[in-house]
Amino acid sequence: MPMPSRARRRSKSRWPLGEPPPGLFPARDDLLRLLAVLSIAAAAAAACSLLNRRPKPLCDSGGGEFHSTAAYTHHDSCQPCPPHGRCVDGNLECVQGFNKYGNMCIEDGLVSQTATKISQLLERRICDQYARALCGQPATILFQELDISNIADELLSKGFVGLSEDGAKVAKIKVLDSARAFFEKRFSSDGVEEFKCPELVAELYRPLTCQIRRWISRNIMSVIAFGVLFSALLWILWSIYKRQALLKRAEQIYGQVCEVLEDNAIDAKIGNSECEPWVVTSWLRDHLLVPQERRNAFLWKKVEELILEDSRIDQYPKVIKGESKVVYEWQASGSLSGKRKIKRMQGVAAGAAIKLGEEVDAG
């Protein structure tokens, strides 16, 4: 008996004081297994709870009308009917223009596109009126909400017949909401709310002719100055063009004068008694110029300047039939063109041969 008590005392004396005995806490592997079991059990319990729970049915809309907002009575036993839908006996039916996704009615684009188009037409019609008023034409500027509603009904009835009655109602609600947000609001003396197009937007709807007139009236001094400068520039350009045209025409007439004087000199040298070596200036001028050119003193004056600069032409006065005239005479006898001289001689010889043959035949 004394031996076991001594062994027990020895074992107790071997364990350090203040440390837990071995086997008091579970091992690490056992702890991980316990956590895994608890997680699986919790997940299974949550899944069973979700599967056993039934969703609440949808509350009836009441009266068969669709709801555009969720402002209706909530019950603990049912879910509220979503906007733009009809709920009857827990079943959801979305109005035209909205598609059913679960317990929601999502807009599919048809109603939205229609409302956007109607809003644009409504904006154009009302802003066109204001733009006409800004241009000084008689027009209506202020519109009441009833007027805007009637215009929206008119536009919906004209070109958007594909919508059902419910879809048209939704589109009209969107159009009116857009109009309230876009147009400027004011109250009349009677306290009636009125709408008008913003002036900056109405400026964009002005006709082009009206915009031009307004811009000219605002910048009248600049327009006048520009007109004067532009007219002066046109006059200068026209004067330059006209002067160049006259100079070119004067050179053409000067060339014709030289040809006439040269031909006249040749005829006089080959013994043609009917031809004088000189030509009266006024006769030559009237022969070469058309009546309209004769009234332009600058043209013939320029021709005379070119003739005076030509050393081949001599100018001197001569009494003809008791009246003093200024004549031109070709003096450059040795500078005549060879081809031109031969041609003239051949023509004279041919004429003389023909005349001789006629005299022989007559004899």
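Tutor: Before we start, a word on records: UniProt positions are given in the numbering used here, feature names are shortened, and annotations may be inferred rather than shown by experiment. This is a predicted model, in which local features need pLDDT of at least 70 and side-chain atom pairs count only at pLDDT 80 or more, while totals for chains, interfaces and linings use all residues. Residues are numbered from 1 along each chain as its sequence is written, and side-chain values use heavy atoms, with hydrogens and water left out.

Student: Where does UniProt place the "transmembrane region"?

Tutor: The unreviewed UniProt entry puts that feature at residues 220–241. In the model, the span 220–241 is 100% helix and 0% strand, and its end C-alpha atoms lie 31 Å apart.

Student: How many helices and strands does the protein chain have?

Tutor: Helices (H or I, at least four residues) and strands (E, at least two) are DSSP runs, numbered from the N terminus. The protein chain has 12 helices and 10 strands.

Student: Which residues line the largest cavity?

Tutor: Its lining is made of Glu-145, Ile-148, Leu-176, Ala-179, Arg-180 and Phe-195. Helix 4 (145–159) and helix 5 (165–182) are the elements giving two or more residues, and helix 5 supplies the largest share, 3 residues.

Student: Let's turn to the loops. Is Asp-89 buried or exposed?

Tutor: Buried means under 20% relative accessible area, exposed over 50%, and partly exposed in between (1.4 Å probe, protein chains only). Asp-89 sits in the loop between strand 1 (85–88) and strand 2 (91–94), and counts as exposed because its relative accessible area is 67%.

Student: What about Lys-321: buried or exposed?

Tutor: Lys-321 is in the loop between strand 9 (313–320) and strand 10 (323–330). Its relative accessibility is 85%, so Lys-321 is exposed. Also look at the backbone: phi of Lys-321 is near 55 degrees, a positive value in a residue other than glycine.

Key
1 Å grid on protein atoms, 1.4 Å probe; cavity = no way out; pocket = protein on both sides within 12 Å on 5 of 7 lines; lining within 4 Å.
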